[in-house]
Amino acid sequence: MIFQRAIRREFTQSAAGVFIALFAILLTTQLIRLLGDAAEGSIAPEAVAALLGFSALNYIPTLLALAAFIAILLALSRNYRDSEMVVWFSCGVSLTAWVRPVLVFIMPLVLAITVLSLFVSPWALSKSAEYRGNLETRRDAGQVTPGAFQESSSGERVIFVEGVSEDERFVRNVFVSSMQNQRLGVTMAATGHQEFAENGDRFIVLQNGRRYEMQPGSPEFRIMEYARYAVRVETKEARGIEKTPRNTPTLDLIGNDSRAYQAELLWRISMPVSAIILALLAIPLSFVNPRAGRSANFLLALLGYLVYNNMMTVGQAWVASGRISFVAGLLGIHLFMFCLLPLLFFRRIAVLSFARFFR
């Protein structure tokens, strides 16, 4: 019991510290990227905090798996360096005895990774896309700066207003240039405002103005004078959020035969499975010779993590391209890494090495 409690406490403390450090790095890099987009005008400054939160939720499963892997490596490597592992071995605690405390430590994290990967991450990506769409809809809704030309997100409309009323409900001296059906339309109005239909469609309503329509390269044009002119504006919100495999709910992925959707399902299922296998791999990979360098095992463990992660990425790409089936991509990668566990444990437990055995 002393052995179990001591190692689980050390695992928890190391994992908390590693996760906080990785999470801070993630937030910093994502914040820099979002601030750059805001400076370029791609997103509104007030949207940075919300998009940062959605992005963080998407990456938390990967951070949890990596933090658990590093925490186990740090804890067991410290036991080797401080010769505590020798004491445990002399007390009859073999290397395989570390499997149980590692599994007890990793299972709550695996449950959290499963929920985050299968349900929370797709929801966060969907909400992020919806939030970006709402921001672009607000920008297209006529929230223009007086005295400046503003282009719609679709690039088909340019709006200029000279001034805004005190209650901000109307704009004065409106100029709208649009291209529809290969015809250029220039609309001018004394005033303008927005209206929403009962079905949710949004209209720009211009009053007391004139419209010119012409076809580029042709001398013919048409002039219309009007008292009220309403234009229905097509927005992303009206068309709905663009559905991609990444923001599709997991239950919808299960019943979809598309290769891209199966590849996304493969990645989501692989996240909790890889967390368990990585935690077990950390036990033999944490070996440190106190008389040798202390970083060799970390380099080997990092290489193993990168190889495993790249294998999952390649497997997802192969499933999406149809080179392998979903079952082959799921079982092939994880079974290969799982089969390495007995070999690595035997290498640390066996008294005689292979080379000496065959002499």
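A: Start with E225 and R210. Their side chains meet in a salt bridge, 2.5 Å from N to O. This pair links distant parts of the chain: E225 lies in strand β6 (residues 221–233), R210 in strand β5 (residues 202–214), and 15 residues separate them. E225 is exposed, at a relative accessible area of 59%. R210 is partly exposed, at 34%. The model is predicted, and side-chain atom pairs count only at pLDDT 80 or more.

Next, E213 and R211. Their side chains also form a salt bridge, at 2.9 Å, N to O. The setting here is buried. E213 has a relative accessible area of 12%, and R211 has 7%. Both residues count as buried because the cut-off is under 20%.

Now the helix. D37 and R33 meet through their side chains in a salt bridge of 3.7 Å, N to O. That distance qualifies because the limit is within 4 Å. Both residues belong to helix α1 (residues 2–40). They are 4 residues apart there, so about one helical turn separates them. R33 is partly exposed, with a relative accessible area of 40%.

Finally, the total. Searching the whole structure gives 6 salt bridges. Among them are the E225–R210 pair, the E213–R211 pair and the D37–R33 pair.

Terms used. Residues are numbered from 1 along each chain as its sequence is written. This is a predicted model: local features need pLDDT of at least 70, side-chain atom pairs count only at pLDDT 80 or more; totals for chains, interfaces and linings use all residues. Side-chain values use heavy atoms; hydrogens and water are left out. Helices (H or I, at least four residues) and strands (E, at least two) are DSSP runs, numbered from the N terminus. Buried means under 20% relative accessible area, exposed over 50%, partly exposed in between (1.4 Å probe, protein chains only).
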